[in-house]
Amino acid sequence: MGIKDQFQDKAQELQERAKQAMGNAKDEASERARQEREGSQEAKERGQQQLRERTGRDEA
C-alpha cells in the first residue's frame, strides 16, 4: 500500500468519524428538545391544576 492510499484511507476514516459525531450531536439535540417540550407540557398541566384548585377554593 502506497503513502497516497494510506492518506486516502485515513481521510475516509476521519470523514466517517465526523459524520458519526454529527449524527450523535443531532440525536442529543433532538433528545434535549423533546425533554424540554415534555417539561413545558408538565409545567402547563401543573399551572392548570393550580388554577382549578384556586378557582375551586374561591367558589366554596
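Okay, housekeeping before anything else. What we have is a predicted model, where local features need pLDDT of at least 70, side-chain atom pairs count only at pLDDT 80 or more, and totals for chains, interfaces and linings use all residues. Residues are numbered from 1 along each chain as its sequence is written, and side-chain values use heavy atoms, with hydrogens and water left out.

So, the fold. The chain has one helix and zero strands; both are DSSP runs, H or I over at least four residues for helices and E over at least two for strands, numbered from the N terminus. Along the principal axes, the C-alpha atoms fill a box of roughly 85 × 10 × 5 Å.

How much of the chain counts as buried? Well, 0% of the 60 residues. Buried here is under 20% relative accessible area, exposed is over 50%, and partly exposed sits in between, with a 1.4 Å probe and protein chains only. The accessible surface, from Shrake-Rupley with a 1.4 Å probe, is about 5,700 Å², and carbon and sulfur atoms own 49% of that.

On to charges. Counting Lys and Arg as positive and Asp and Glu as negative, without His or the chain ends, there are 13 positive and 14 negative charges, and their mean positions are 3 Å apart. Each charge is placed at NZ of Lys, CZ of Arg, CG of Asp or CD of Glu.

Now the salt bridges, meaning a side-chain nitrogen of Lys or Arg within 4 Å of a carboxyl oxygen of Asp or Glu. The structure holds three.

One pairs Arg-17 with Glu-13, at 2.7 Å from N to O. These two are four residues apart in helix α1, which covers residues 3-59, so about one helical turn separates them. Arg-17 is partly exposed at 49% relative accessibility, and Glu-13 is partly exposed too, at 32%.

Then look at Arg-34. Its bridge to Glu-31 has the closest N and O atoms 2.3 Å apart, and the two residues are three apart in helix α1, about one turn. Arg-34 also bridges to Glu-38, with the closest N and O atoms 2.5 Å apart; that pair is four residues apart in the helix, again about one turn. Shared partners join Glu-31, Arg-34 and Glu-38 into one network. For accessibility, Glu-31 comes in at 33%, Arg-34 at 31% and Glu-38 at 39%.
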